[in-house]
Amino acid sequence: MQADQRIFILQDYLQPCADDPIRSLVLQTEHAAIVAWHVAPGQEIAAHVHPGGQDTWTVISGEADYYLGGRQSMKLKPGDIAVAKVGEVHGALNSGSEPFVFVSVVAGSMPGYQLADK
């Protein structure tokens with residue numbers, strides 16, 4: 001990646017894996033991290049929080065059960081944007097039959113990561 005690159009091709013970052021979802025870093029700056037995710041059917045992104053950052057997911061394809069905390073979830077589908085503000089629980093289970101593909105933007109200079117209850 002060039003220091004001045006501004007356009008990124010999602011397909012270049014997706015990494016299908018039979019074992020676990022792969023988090024592929026697209027770009028990280030002092031202000032945000034942009035990550036491409038490929039979550040195969042049956043795979044899960046564990047419920048977690050970012051104590052110092054907001055995590056915004058934009059769904060490209062597939063569907064998943066998005067964790068809201070308190071054992072609640074909502075179905076995400078292509079075109080949805082899910083926002084987990086600082087400290088809000090989020091994560092997802094791909095309970096569908098096709099890959100769940102999304103782009104995550106974690107904003108904040110020190111967002112951190114902590115596991116949480118679904």
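Predicted model: local features only at pLDDT ≥ 70, side-chain atom pairs only at ≥ 80, totals over all residues.
Is His38 buried or exposed? With a relative accessibility of 11%, His38 counts as buried, because the cut-off for buried is under 20%. Setting aside residues up to four places away in sequence, His38 touches a set of residues from several parts of the chain numbering: Leu14, Gln15, Pro16, Pro21, Ile22, Gln43, Pro99, Phe100 and Val101.

Seven of the eight residues of E2 are buried, so E2 is largely enclosed by the rest of the structure. Which strands pair with E2? One is E1, which pairs with E2 in the antiparallel sense over six bridges. A hairpin of three residues joins E1 to E2, and Leu27 has Ile34 in E2 as its bridge partner. Another is E9: eight bridges join E2 to E9, and the two run antiparallel. There, Ala32 has Ala107 in E9 as its bridge partner.

**Over to Ser61**

Now hop to Ser61, which is found in strand E4. Ser61 and His38 are 23 residues apart along the chain, and their C-alpha atoms are separated by 9.5 Å. Ser61 counts as partly exposed, because its relative accessibility is 25%. Leaving aside neighbours within four places in sequence, Ser61 is in contact with Pro78, Glu98, Pro99, Phe100 and Val101. Pro99, Phe100 and Val101 turn up among the contacts of His38 as well.

| Residue | Relative accessibility | Class |
|---|---|---|
| His38 | 11% | buried |
| Ser61 | 25% | partly exposed |
| Arg71 | 75% | exposed |

**The largest pocket**

Next, the pocket. The largest pocket has a volume of about 340 Å³. Of the 24 residues that line it, Arg23, Val35, His50, Val106 and Tyr113 are the closest to its centre. Which strands supply at least two residues each of the lining? They are E1 (22-28), E2 (32-39), E3 (44-49), E4 (54-61) and E9 (100-107). So what kinds of residues make up the lining of the largest pocket? It divides into eleven nonpolar, nine polar and four charged residues.

**An open sheet**

E3 also has a place in a sheet. Five strands form this open sheet, in the order E6-E5-E8-E3-E10, with antiparallel pairing. The edge strands are E6 (72-76) and E10 (114-115), each of which pairs on one side only. Further in, E3 and E8 (residues 90-93) pair in the antiparallel sense over three bridges. As part of that picture, Glu44 stands opposite Leu93 in E8.

Finally, back to Arg71. Where does Arg71 lie? The residue lies in the loop between strand E5 (64-69) and E6. For context, most residues other than glycine have a negative phi.

Technical notes:
Residues numbered from 1 in each chain as written. Heavy atoms only, no water. 1 Å grid on protein atoms, 1.4 Å probe; cavity = no way out; pocket = protein on both sides within 12 Å on 5 of 7 lines; lining within 4 Å. Points joined across faces, edges and corners; volume = space filled by probe spheres on them. Helix = DSSP H or I, 4+ residues; strand = E, 2+ residues; numbered from the N terminus. Nonpolar A, V, L, I, M, F, W, Y, C, P; charged D, E, K, R; others polar. Buried < 20%, exposed > 50% of the residue type's maximum accessible area, 1.4 Å probe, protein only. Contact = heavy atoms within 4.5 Å. Pairing = 2+ DSSP bridges.
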